[in-house]
Structure formats: C-alpha cells, structure tokens
Amino acid sequence: MNYYLGIDCGGTFIKAALFNTAGEMLSCVRENVNVISEQAGYAERDMHELWQVCANVIRQTIENSQISPSHIKGVGISAQGKGAFLLDQQNKPLGHAILSSDQRALDIVKQWQQEGIPEKLYPITRQTLWTGHPVSILRWVKDNQPERYQQIGSVLMSHDYLRYCLTGKLFCEETNISESNLYNMVTGQYDPVLADLLGLSGIIDKLPPIIAANQIAGYITPEAAALTGLCVGTAVVGGLFDVVSTALCADLDDETKLNAVLGTWSVVSGITDHIDDSQTLPFVYGRYAQSEKLIIHEASPTSAGNLEWFVKQWHLDYQQINQLVSELEPAASSVLFVPFLYGSNAGLGMQAGFYGLQAHHTQAHLLQAIYEGVLFSLMHHLNRMLQRFPAATLLRVTGGPTKSKIWLQMLADFTGMKLDVPQIEETGCLGAALMAMQGTGESTTDVFQAQTMFSVEPNPIYFTAYQQKYQRYQQLTEALKAMI
C-alpha cells in the first residue's frame, strides 16, 4: 500500500501525519514552534529552528507509524498564510521570518488607506490590505531596514520555505500567493503594477515561479532525507494555504455550505466558481485547490488563540474549562470579552480586554466570556459571508474548539444554524496529503466518500439571549474605536 505525508505549519504548532490512500491517519506528531515577540506588535519565527522542528516531527511520525519510508510516495504541506519568509541571494534565511500576526506595519497600512491604495488594488487582486500581508511587511522592511531589503533574493511564505528545505527548489504555491496583493486574480500571474502602487518596484523579480497545489515541485534531497527519514527522491507537491486545506476537508461543494475554522484565526469560507461584482463588500478571493473554483473567506486572528493565552496564565486544562463554562446559564453574565490579543476585526490597533466585571463574578464567568467573545468576533465574518452566500444554511466547523461540546453548542444556539463537524482530527495535514496523492496520480475519491460527520442542532431557547448579548458586544467595540 502507498502512504502520503501531510505537514501542517500553523501559528503555534507544526504537525506531520501519515495517511493511507483511504485517508486514514496512521501516525501524527506535533511540536510547538516558538513565536518571537521582542517588541510590541512583533511576531517572528526563527527559520532555522522551524526547519529543524519540521524535520524532527517528520522523522518521529515515520518512526511511530512503523511504515517503511520507501512506501511513502508523496509529501504535501499546508501552512498559515501571508507573512514573509525572506531568503538572501545565496538562498539562506535573511533574518527571522515575519508572521501574518505581526503588526509592525500598522502605520504603513493606515497611510495606504488614507491614500486610497486599497481601493486601487482590490479590482486587480480581490484582496483587502492589512498588516500581515507580504506587501505590508516588505514595505516596512524597505523603509526601516533598507540594507536587508537590498539583500532579498526570494520572497516566500512558510510552506514555500519548508518545501525549499525539503527539495532545494523555489516556488510560490498558488492558493497562498494568490492572496499576497502581488497576484492579478484575472491573469493568474504576478503584476508589476501592483508592486509599483505599493512602492515595491522590482520586488516581482524576487518572487519564484507559481506552482499549483497538487503539482510536483521537486523531490527529497539527500540532505533532507538524512534529517527527516524520508527516502531520497520522494515527490513533494506545492501544498496549500491552511484555510483552503480545511475547506477541502469540510467537503464544501456548493454555495449552501460554509466552513468556519476556529483556530489561531477565526475564518469563514465558502466556495464559488465566479467573482460577483454586484457585491458592495470587498470579499477576499483566492485560488482554490480545484483549479476552476475560487475560495472566498473572511478572517481575523481573534479566535482560540485568545483562550490559549489565558490557559497558560492560569494553568488550566480544557476539560476543566469546559466543565466550569457548562455550569453557567448561557449568555446570562454581564461580562464581555473583546478577543483582540493578536489583532482585531473591528478596527486597526484595537486591543483585548474584559468589560462588565462585578464583584460576584468568578473565573468561570471570565472563561465563559472568552468563549462568547470568540464567537461574537466570528459572527462579524459570518454575517458578511451570508451576504455573499445567502443560500447557506449549513455551517461546517473545524479547528481545536470542535473538541469542546459546550463551545459548539454555544455556536449553534447563537447563530441558529445547524453545525456539521467533520470527523477529521488533522484537517491541515490531511488536505496536504490529499494534494500529494493527486500529484502522484492517486485517486482521492474514496477519502471524501468515507468521510463522517456529527451534527449539532441549535437550541432556540437561548437564541434571543445570545443575540442581545451580541448587540452589547457590538456596542462595546464601537465605543472602543474612539480610544485608538
């Protein structure tokens, strides 16, 4: 039997998982990858360390599976999007990678907004403009570290960098680079006009060729084989933006279904075959894993990463948190939490905090408010997506919070929508492995046919209470904008 390795490089962890051709996971190893934040708003990653950790989880996954590496026929990588992983002209890491959650380019983005640059970009790129985009980071580097900017040899994103480490070949994968603001959504190519608009003339020459998600990019080198345990010559495909990977695993096949991802980021995605120019909102489009389709998504770093921060401070476990929250009346507390520890979807520069605390409130009320705040922030994106997908009645949910029955029930009760939860433990890894299967000629039909889901039905008793509390949350975020 043939096997396929999927790697998922996220904001907190890097994982590797091995699958058979039916999509069954045989082994999975994950390891934390440090985020370096030496100044307020900075989020960086040591590129050498990232590669060492990636190689380690691959090796451990293969060892734990007891599968011969010779039976592993392909490798794919799913990864967090945006950010900038820079190589110098000798293809060595040029300083730390700057992640999509980095906010150092805030003033640059604000200046671009004042100059009307986003409105000029959108008809070409179908992207909004914010601090985590490669273009924002590149402009910051150009303005603040001109010597480093001049040394740039290649501009990559995280899975492009890891693929280079595995194969020695440089490419930019299409589902990710299509959302860079340097890619023309009509032509499907890089566009120098975009670089000129952003004050980045010449940067297009630093972008490697574009490669499709399921296209073979190269093969495992002897150096990578020695570190990972993979066989020399094993095929490595382009890979996927992790938002695309989760949508693929949620099996979105028409405009009646949406996918909500609750991870480091809150993301709501839908699949379409056309750009709708009648919409008044600037929806973000990107290339999908299927060449004839596009993905539309709304996203912000306002999700479960906020809870993880509090877990570390209070030394709690998730079972304990779920128990505490389940013992409280839904949406009855006056405590509100604004989940903006890593960024905001309500206004540039907004920060996190609690409001409505009184002496009788306990730790449980704060935890409940975090759960609610993450969902309230998600609702901002879901409401907008429902304008683009008015026929959507089903919400497929993926991400860590799907392991929390109380959190899922809160989401169903709050939205009034039925939830489907795919029974896939590692959607990022599986999506990447599916691309490796396709790239090496393996059929993936059986994987989707075998997929199972469990459903969560909304309880209408609590709908009104959640909606009323959500209105208070919206009023709070509006009031906080005056403090920016």
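Biologist: Which residues of the largest nonpolar core touch the most other members?
Modeller: A nonpolar core here is a set of buried Ala, Val, Leu, Ile, Met, Phe, Trp, Tyr and Cys residues joined through side-chain atoms within 4.5 Å. Buried means under 20% relative accessible area, exposed over 50% and partly exposed in between, with a 1.4 Å probe and protein chains only. Of the 126 residues in the largest nonpolar core, those that touch the most other members are Ile14, Tyr161 and Leu166.

Biologist: Which helix gives the most to this core?
Modeller: Helices (H or I, at least four residues) and strands (E, at least two) are DSSP runs, numbered from the N terminus. With 12 residues, the element that gives the most to this core is helix H13 (residues 363-388).

Biologist: And how many residues are in the other core that lies apart from it?
Modeller: Ala213, Cys249, Leu434 and Met435 are among the members of that other core. In soluble globular proteins, nonpolar side chains tend to be buried together. The number of residues in this other core is 30.

Biologist: Before we go on, what kind of model is this, and how is it handled?
Modeller: This is a predicted model, in which local features need pLDDT of at least 70 and side-chain atom pairs count only at pLDDT 80 or more, while totals for chains, interfaces and linings use all residues. Residues are numbered from 1 along each chain as its sequence is written, and side-chain values use heavy atoms, with hydrogens and water left out.

Biologist: Back to Tyr161, then: which residues is it in contact with, leaving aside neighbours within four places in sequence?
Modeller: Contact means heavy atoms within 4.5 Å. With those neighbours left aside, the contacts of Tyr161 are Met47, His48, Leu50, Trp51, Phe85, Leu87, Pro93 and Leu156.

Biologist: Is Ser158 buried or exposed?
Modeller: Ser158 has its place in helix H6 (residues 158-167). Because its relative accessible area is 3%, Ser158 is classed as buried.

Biologist: What relative accessible area does Cys165 have?
Modeller: Cys165 lies in helix H6. Beyond residues up to four places away in sequence, Cys165 touches Trp51 and Ala224. Cys165 counts as buried, and its relative accessible area is 16%.

Biologist: What is the phi of Arg126?
Modeller: Arg126 sits in the loop between H3 and H4. Arg126 is buried, with a relative accessible area of 12%. Although Arg126 is not a glycine, its phi is positive, at about 60°.

Biologist: And is Gln66 buried or exposed?
Modeller: Gln66 lies in the loop between helix H1 (47-65) and strand E5 (72-79). Gln66 is a residue other than glycine with a positive phi, near 60°. Since its relative accessible area is 74%, Gln66 is exposed.

Biologist: What distance separates the C-alpha atoms of Ala359 and Ile203?
Modeller: Ala359 is in the loop between strand E21 (353-355) and H13. Ala359 is exposed, with a relative accessible area of 86%. Ala359 and Ile203 are 156 residues apart along the chain, and their C-alpha atoms are separated by 56 Å.

Biologist: Which residues does Asn459 touch, not counting those up to four places away in sequence?
Modeller: Asn459 has its place in the loop between strand E24 (453-456) and helix H17 (463-480). Asn459 is partly exposed, with a relative accessible area of 27%. On that count, the residues touched by Asn459 are Gln409 and Asp413.
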